[in-house]
Amino acid sequence: MTSTGTTLSGTLDAPPAAGDRRRWFALAIVMTAAFMDLVDVTIVNIAIPSIRQDAGASVSQIQWITAGYALAFAAGLITGGRLGDIHGRKRLFLVGIGGFTLASALCGFAATPEMLVAARILQGGMAAMMVPQVLSIVHATFPAHERGKVFGLFGAIVGLGAVSGPLLGALLTEWNLFGLEWRPIFLINLPVGIVGLVLGSRFITESKAPRALKLDLVGVGLVVVGLLLLLYPLTRGEELDWPLWGYVSMAGAPLVFAALVAYEKRKGARDGSPLVELSLFRVKSFAAGIAVQTVFGVGLGIFFLVWTLYMQTGLGWSPLRAGLTGVPFSIAVSTAAGLSVQKLVPRFGRKVLQAGALLMAVGVLLYLWEAERYGMGISSWQMALPLVVMGVGMGLIVAPLTDAVLSEVPREHAGSASGLINTVQQMGNALGLGLVSVVFFGVIGDDLRPAQVGPAFVDAFQHALGWVAAVMGVIFLLMFALPKRPAQHVEGADAGAELPVVEEKAPELV
């Protein structure tokens, strides 16, 4: 989810003495910030139907409430990591958490859907400043022999965030605190962010990279422009009856990405600090892994938004019931993720990831069958089986995928590679959210009577599930290009190999 690993390249800071208690306060602060970002991603989905109804948001606006965050987050990840290397990780962390808190306030008090979209984009950009510093601060603060325990705590935080985010969002929306409807899902970040800002300025130790790469703002700009040319017409096309300019815009996106490749080649030859290290794509497993991450992000972007709309708008369920329905899925993801890394991948290698893709496809098809069979009368317990199957499949993929993709990458490029992996997954997620207009809203008729809304959303959900199952099939095929036996790394096992270990391990934790 983050590109924390990108900030570690070249980091040679000496950690504080093991007896320094301040480092544990620093750890609690950065872990809280990582948890806040993770929950914020999951908490919004469950409140989307309430936002649509209360704020009068259009179809494209509810897509941009989520996709705008993902796009800004993705575009800023590598730049945020490099800014921390250059100007100090503590300084950038404090800027990020302060900006994230301010953006959360703007989201919570947004007067119009347009203001909410703009605040969410700002929030994603600030997360891109804050999150890449987290594991860099851990690396600079803790000696190698303590990092195994620290990263274990991060794994627990990730699992807790996956379970608690939807539930917290459901409860805050259901309770309608002070008559604020959905707004507390953003306002809850204010006290957490303020405390983190105050304590972080006191307890976090400043650190920089002695050989930080230069910024590539032109590269970032080209990435953003290319994605906007693709995403904007996708999200608006259905509402505007697919105008000609939309097709022209989407056709222009590949040209911008071609210009990005040409620029990055010149940038790499000139000063050795391109945004994208193009030589990495000569490694077959890495190129395939990038494709897997991107397509995986597309599938998840489609599923989670349409799933929420299906339960709350289609079936008419409350946010709390929808949130509780997702608990088996979250628990299955967390459990399977732990088993895949510790037990299964060391023994079966790539087959575990492919089994995960097939299980997700089976779970989606099972869900499709149940949605067709039970229609509007489907219950939460009937959804439990397909959700558990999907959750197990996702858990088998998400935890070991980064190691599999990085296995054949030269160690000197591990930081750049890990950052790129996380960035393209976020970009894939934004693209998936954009495609919701096509695969979900595109099959819902206009001017529906109230009695027709529920059945129309149920039918559209079934249509979207077919696309998600197809995406999982593509991922399964792409995984054949991954190495059969991904390299396994144990954090802190070899103090003499600190840098490569942290760089490769970091992305799968946050």
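I started with what Ser-249 touches: leaving out residues up to four places away in sequence, I get Leu-229 and Pro-233 (contact means heavy atoms within 4.5 Å). Ser-249 sits in helix 10, residues 244–271 (helices are DSSP runs of H or I, at least four residues, numbered from the N terminus). I note Ser-249 as buried because its relative accessibility is 13% (buried is under 20% relative accessible area, exposed over 50%, partly exposed in between, with a 1.4 Å probe and protein chains only). A polar atom of its side chain lies 2.6 Å from the backbone oxygen of Leu-229.

Notes on the source: this is a predicted model, where local features need pLDDT of at least 70, side-chain atom pairs count only at pLDDT 80 or more, and totals for chains, interfaces and linings use all residues. Residues are numbered from 1 along each chain as its sequence is written, and side-chain values use heavy atoms, with hydrogens and water left out.

Next I looked up Ser-437, in helix 16 (residues 414–439). Ser-437 is buried, at 0% relative accessible area. I find a polar atom of its side chain 3.5 Å from the backbone oxygen of Leu-234. Beyond neighbours within four places in sequence, Ser-437 contacts Val-59, Gln-63, Leu-234, Thr-235, Glu-238 and Gly-442.

Last, a helix pair. Helix 13 (residues 327–348) packs on helix 15 (residues 380–406) at about 40 degrees, axes 7 Å apart (axes are lines fitted to C-alpha atoms over the stretch in contact, and angles run from 0 to 180 degrees between N-to-C directions).

Definitions and conventions: Helix = DSSP H or I, 4+ residues; strand = E, 2+ residues; numbered from the N terminus. Polar contact = N/O pair within 3.5 Å; in protein donor to acceptor, adjacent residues only side chain to side chain.
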